[in-house]
Amino acid sequence: MTGKNRLLIVVIFIFLTLTSVGQVAFAFNSSFKDSIKLKEVKVVSCAKRFQAGAKILYLDHDQIAKVNDRSIEKLLKHFTAIPIKSNAGSLSTIRFRGTSPNHTSVNVGGINLNSLTLGSSNLANIPTYFFEELMLQYGSASVVNGSGSIGGSLNLSSQLKWVDGVSVNSKISISSFDEQFYGAKVYAGNAKFDSVTKFYYFYKRNNFTFLHPPVKDFDTGEMVRIKDRQQNAAINNKGVMQEFGYRFHNQRFWRFMIWLEDDWHQIQQNMATNLKQPWKKEELEDKHIRIWSYYTNKGKKLKRYLGAGYVFDNSIYNNTNDPIQTQRFITEGNIEYPVYKNGMIKCGYKFEVISPNVYAYEINDVLQYQTDLHASYLHTFFSKLKVSFNMRKGFVTDFTVPFTPALGVSYPVMLRESSRIVLTGNVAKSYRVPTFNDRYWVPGGNPDLNPENGINYEIGGKYSLYKNRVSLNVLLNAFYMAIEDWILWKNSGAYWTAENVQNVISMGIELQTNIKIELRRSYILFGLNYTLNSAERSESKNASSAINRQLEYVPFHTVTLYSQYNVNNWGFYLDVNGVSWQYTNEEPYNILDGYALVNISTDRKFSFKKKHNFKLVFDVDNVFNINYYSSWNYAMPRIAFRCSLSYLLN
Amino acid sequence: MKTKILLMLALGITLFFQSCKDDTTVTPTEKGENYIINYGSYSGDKGSVSAYDTEKDTVTNKFYEGVNGVAMTSNPQYARQVNDKIYFMGNNVDQIFWVDAKTFEQTSNGVTSTDLVKPRYCVEDGNMLYVSCWGGDIWTDESLSYITKFNLTTKKVEGKIALPGGPEGLAIVNGKLYAALNYKDSVAVINLSDESIGYIVTPAVSSYFVKDDNDNLYVSLISTYSDFSTKTGIGYINTSVDKLEKIYEKENVSSSYVNIMAFNKDKSKLYVMASAYDANWQLIGTVEEFDVAGGSFAASPVVSDILGLNGIAIDPESDNIICFVSESTTASGAMRTYSPAGKLIKEYKTGISPFILLSTK
C-alpha cells in the first residue's frame with residue numbers, strides 16, 4: 001500500500017471517530033456523579049428486533065465464562081450443534097447449515113473479522129475471554145451483516161460493568177499437553193465513565209499422543225497400530241483489548257475499543273508426516289489491530305447510532321517477507337423512528353475503504369470501496385403479530401452486488417402466565433462478494449466472478465414454560481436454503497482460477513431444548529441441541545460424481561448434550577458432543593467415522609471476606625480417550641485434563 | 001455404576017453415529033503395465049495409482065492400494081522405473097518409496113531424510129538416483145534447493161549437491177546431470193565426476209527435459225509469477241557443447257509441475273502442454289504439436305479447450321495422445337485419449353489429479 005492511501009485512511013478514520021465522539025467531550029466534565037447499574041443497550045439486540053422470524057440465539061456470560069480460557073470453537077461445540085471442522089487446536093472453521101467457512105460472518109461491533117483475502121475466520125484465533133455475549137444468527141443474515149452471511153453469522157460483544165471503583169477478574173488454567181492460559185480483566189470507572197483492560201496469553205505445546213490408523217510396516221509386511229506423539233503443533237496466542245465507555249444518560253452511550261491480537265501456531269503436519277518426518281516445521285502468524293468506536297442514543301424518539309473503526313490484518317507464513325496485509329476503514333450508522341401507531345422504521349449505511357497489500361496482487365495501489373445502504377420496517381399488528389421487512393443494497397468497486405430483501409413474521413399463538421408458544425417464519429436473500437484472492441490473485445483471480453447468492457426459508461416454533469420452579473424451552477426450526485454460483489478454485493488447464501462452479505441445496509431441522517429445575521438449595525439443568533442437515537451439490541461445472549450427495553465435511557447429524565447440577569457452591573457438569581460420518585472428498589472413500597466425545601467437569605466457588613471470590617474448576621475432556629479425526633489424515637487429542645482458578649475482586 | 005452408565009451412553013451414541021456409514025472399497029482385479037500416477041491432494045487425499053490395460057481397454061483405479069492393502073502415505077510428485085523397481089518421489093510425506101515393477105508390491109519402508117525435503121524429480125546414473133529437491137519454501141529462498149544422492153543398492157541417502165534456483169526436471173547425458181531451474185533463468189550442468197556446476201543461460205525459467213535420439217535435450221521455457229518472461233517455448237540444448245542452440249517460441253507453455261512434454265513413438269513430433277484463450281478470454285489447456293524435423297510448432301493446437309488439463313503422454317502402443325484432466329483436488333480425474341489428429345477417442349475415470357503415464361513395457 002502506498003503512503004498516500006495509508007494517510008487517506010487514517011485521516012478519514014480520525015475524522016469520523018472524532019465526529020462520533022464529539023459529544024463525549026462536551027459533557028465529559030460534569031458527568032462523574034451517578035452510579036446506577038444499568039443494563040447496556042446492545043447493538044445486536046436491535047438487529048434481532050428488526051428481523052421477526054429469524055432464528056437468533058444468545059450465549060450469555062455464564063455460558064461463555066465456562067470455557068473462556070479457550071477459543072470460540074470450544075464454546076460452539078459445547079452449547080450448539082453447529083458442525084466445525086478442525087485440527088488439533090490451531091485451525092478451526094465453521095460449517096453453518098452446510099455452507100463453507102466464508103459463508104459465515106464473525107462480527108465484533110461493526111467489524112467483520114473474516115479475512116478479506118481468504119474470506120473466513122479461524123475460530124481458533126478468536127479468544128472467548130474477551131467477550132461476554134455471543135449472538136448466533138442461523139441462516140441468511142446478509143440483510144443485516146452484508147456480504148458473507150449466507151449460512152449465518154456470529155456476533156460477539158463485550159459488556160462494560162459501569163463499576164464505581166475498581167474490579168478485577170483474572171483466570172489461570174493449566175492443562176494437558178503443556179497448555180497454559182493467563183487472563184485478566186481490570187474494570188475501573190465511576191459509573192459514568194468506564195474503562196476495561198483485558199489481556200490474555202495462551203500457549204499450548206500440543207504434544208498429545210494418538211493412534212495412527214492401521215499402518216503397514218513394509219519391512220515385515222505386518223499391519224501395525226502405532227501410538228505416536230504429535231510434533232511441532234504448538235500454539236501461542238496473545239491479545240490485549242482496551243475499552244472505554246461513557247454514559248451520558250441511561251440510553252445514550254459512547255464506546256471505544258482497541259484490540260491487538262497476535263496468533264502464532266505451528267502448522268500441524270498430517271499423521272504420516274508426523275511419523276516419518278518428525279522434524280518438519282511450518283508456522284503461521286496472524287497479527288491484527290482492530291479499533292471500533294460508536295455512539296448511540298436510544299433515549300429519544302429518533303434513535304441514532306454512529307460507529308467507525310479501523311482494521312489491520314497481517315498474515316505471515318513461515319517468517320517470509322511476502323506481505324499478506326489488508327487495511328480497512330469502516331464507518332456505519334443508522335437511525336430509527338416510530339411511524340404510524342405500531343410501526344418502526346430504520347435506515348442506515350455502512351462504508352468501507354480497503355487497501356490491500358498482498359504479494360500476489362496487482363491492485364495494491366488501488367483503494368477498494370464498499371458501500372451498503374439498508375432499510376428496515378417493523379410493524380406489530382393486533383399487539384401480537386410482528387412483521388418485518390428488510391432490504392439492503394451494496395455497491396462495491398468494479399463489482400455488482402445484488403439487492404437483498406428479507407421478510408419475517410412472528411406470532412405468539414399461546415400466551416399464558418406460565419407458558420407461551422411463538423411461531424416464526426422468515427425468508428431472506430443473501431450474498432457473498434468474492435474475496436480479494438478470488439478476484440485479484442495473480443494468476444487465477446477472476447474479476448468477472450458473479451457474487452454467490454442464496455435464499456433461505458425458515459419456519460419455527462418456540463415453546464417456553466416456567467412453572468413450579470421448572471423452566472423449559474423447546475425451539476424447533478426447519479430450513480431450506482438454496483445457494484447459487486458457489487465459488488471454487490478449479491484447474492483451467494493453464495493455472496488454477498476462481499469460478500462460479502456449483503449450486504447447493506441445504507435443508508434441515510434444528511432442535512434446541514433446555515430444562516432447568518430449581519430445588520431448595522440447588523438446581524439441575526439439561527440441554528439438548530440437535531441438527532439434521534442435508535446439504536447437497538445440485539449442479540456443478542466440474543465433472544463430479546458427488547451430485548445430489550452430501551457435501552464434504554458436513555455431517556448429517558450433529559448433537560450436543562449438556563447437563564449441570566449445582567448445589568451450594570459446587571457445580572457438576574457433563575456434556576457430550578458428536579457428529580456422524582462425513583465425506584472428505586467427492587468420491588465414496590476416505591470417509592471420516594462419526595464420533596461422540598464425553599466431557600466432564602466440576603467446580604467449587606469460595607470467597608474470602610466476601611470481597612475476594614475464587615472459583616476452582618477441574619475438567620476432563622474426551623473422558624473415554626476416544627481416538628477420532630475431524631480432518632482427513634490429521635490427528636486429534638485424546639483425553640485431556642484441565643485445572644483452572646478464577647479470581648474476582650469486587 | 002456411574003462409570004458404566006457413562007460408558008454405555010458413549011458407546012450407544014458412537015454406534016448411532018457410525019451406523020449410517022456408507023463404506024465403499026475398490027479391489028483391483030487385474031495388473032497393468034501402464035500406470036497412471038495420481039497426485040491426490042496435498043492437504044487431503046494422498047496419491048494413488050491407476051492401471052491402464054491397453055489390451056482390455058480398461059483402467060483400474062486404486063491399484064497400489066489393491067496390491068499393497070493400504071493407501072499411499074505421500075503425494076507422488078514423480079515416478080520412474082529403474083531396472084526392476086518403480087521409484088516414487090513422495091511429497092508430504094517427503095520420501096522415496098519403491099515398488100516391484102512387475103507385481104507393484106512394496107516390500108520395504110520408504111526412505112526419509114533431512115536431506116530429502118520436497119523431492120521433485122529423479123534420474124538414475126549407474127547405482128545412484130539423483131533427486132531434485134526444493135529443500136523448503138523455494139519461492140521465498142532460492143538458495144534452499146539441492147540434488148539428493150540416493151544409493152539404489154543400499155537404499156540410503158548419501159548426501160546432496162547444493163544447487164540454488166529450484167531444480168525441477170533432470171536429465172543425464174555423458175556423465176553430466178542437467179537440471180532445469182525453475183527459479184533462475186538457467187539450466188544447471190553438473191559434472192558428476194567432480195560435482196562441479198556450470199550453467200546454460202536461458203531466456204526464461206525452465207521446468208522439464210525430453211531427450212532426442214542424439215542425446216540432445218529439449219527443455220521447456222516457461223513464464224512464472226515469480227520469474228516473468230515473454231520468451232517462452234522450448235529450447236534445444238546441444239549436450240556435446242552444452243549450449244542452448246535454438247529457441248522455438250510458443251506462448252503460454254504450461255508452468256504446471258506435471259508431465260508437459262512427450263515425444264510420439266518415432267520422435268518425429270514433440271507434444272507440448274500449453275494454453276490458449278477461449279471465447280470468454282479465459283486461458284484453457286491445449287496440446288501443441290512441434291515438428292522436430294521442421295523445427296516449428298503447428299499453427300493451431302492439435303487438441304484444444306481442455307478444462308483442467310493436468311499432463312500429457314503418448315500411448316506407447318497406439319501412438320495416441322493422452323491428456324490427463326483434473327478440474328479439482330477433491331474429485332476423480334480423467335484420462336482422455338485422442339488420435340494423432342486430435343480426435344477424442346475415449347475418456348477413462350482415474351484417481352484424483354492424474355498427471356503421469358508410466359509404462360513398464
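Visitor: What does the secondary structure of chain B come to?

Guide: In this predicted model, the secondary structure of chain B comprises two helices and 28 strands. The radius of gyration of chain B is 22 Å, close to the 21 Å that the globule rule gives for 361 residues, so chain B is as compact as a globular protein of that length. Its C-alpha atoms fill a box of roughly 85 × 50 × 40 Å along the principal axes, and 50% of the 361 residues count as buried.

Visitor: What share of the contacts joins residues at least 24 apart in sequence in chain A?

Guide: Among contacts in chain A between residues at least 6 apart in sequence, the share is 62%. In chain B, residues 24 or more positions apart account for 41% of the contacts with a separation of 6 or more.

Visitor: How is the pLDDT of chain A to be read?

Guide: As a general principle, where pLDDT is low, the predicted coordinates should not be read in detail. Chain A averages a pLDDT of 91, and 93% of its residues score at least 70. Over residues 6-45 of chain A, however, the pLDDT is below 50. Beyond near neighbours in sequence, this stretch has 56 contacts in the model.

Visitor: Which strands form the open sheet in chain B, and in what order?

Guide: The general idea is that strands of a sheet pair through backbone hydrogen bonds, either parallel or antiparallel. In this case, an open sheet of four strands in chain B has the order 7-8-9-10, and the pairing is antiparallel. Strand 7 (119-125) and strand 10 (156-162) of chain B stand at the edges with a single partner strand each, so one side of each is left without a neighbour in the sheet. On average, neighbouring strands of this sheet are turned by 25° against each other, direction ignored.

Visitor: How many bridges join strand 9 and strand 10 of chain B?

Guide: Strand 9 (residues 146-151) and strand 10 of chain B pair in the antiparallel sense over five bridges. Thr148(B) stands opposite Lys160(B), which belongs to strand 10 of chain B.

Visitor: Is Thr232(B) buried or exposed?

Guide: A residue counts as buried if 20 or more other C-beta atoms lie within 10 Å of its own. Thr232(B) has 25 such atoms within 10 Å and is therefore buried. Its place is in the loop between strand 16 (217-222) and strand 17 (233-238) of chain B. Leaving aside neighbours within four places in sequence, Thr232(B) is in contact with several residues, among them Ala204(B), Leu221(B), Glu249(B) and Val253(B). Thr232(B) and Val253(B) are 21 residues apart along the chain, and their C-alpha atoms are separated by 6.6 Å.

Visitor: How many residues of helix 4 of chain A are buried?

Guide: Eight of the eight residues of helix 4 (residues 72-79) of chain A are buried, so this helix is largely enclosed by the rest of the structure. The buried residues include Ile72(A), Glu73(A), Lys74(A) and Phe79(A).

Visitor: Which residues does a cis peptide bond join in chain A?

Guide: A cis peptide bond joins Val442(A) and Pro443(A), with omega about 0°. In chain B, a cis peptide bond joins Asn92(B) and Val93(B), with omega about 25°.

Terms used
Residues are numbered from 1 along each chain as its sequence is written. Chains are lettered from A and ligands numbered from 1 in the order in which they are written. This is a predicted model: local features need pLDDT of at least 70, side-chain atom pairs count only at pLDDT 80 or more; totals for chains, interfaces and linings use all residues. A residue is buried if 20 or more other C-beta atoms lie within 10 Å of its own, exposed if 12 or fewer, and partly exposed in between; C-beta atoms are placed from the backbone. Two strands pair if DSSP finds at least two bridges between them. Axes are lines fitted to C-alpha atoms, for helices over the stretch in contact, and angles run from 0 to 180 degrees between N-to-C directions. Two residues are in contact if their C-beta atoms, placed from the backbone, lie within 7 Å. pLDDT is the predictor's confidence in each residue, from 0 to 100. The radius of gyration is taken over C-alpha atoms; the globule rule is 2.2 Å times the number of residues to the power 0.38.
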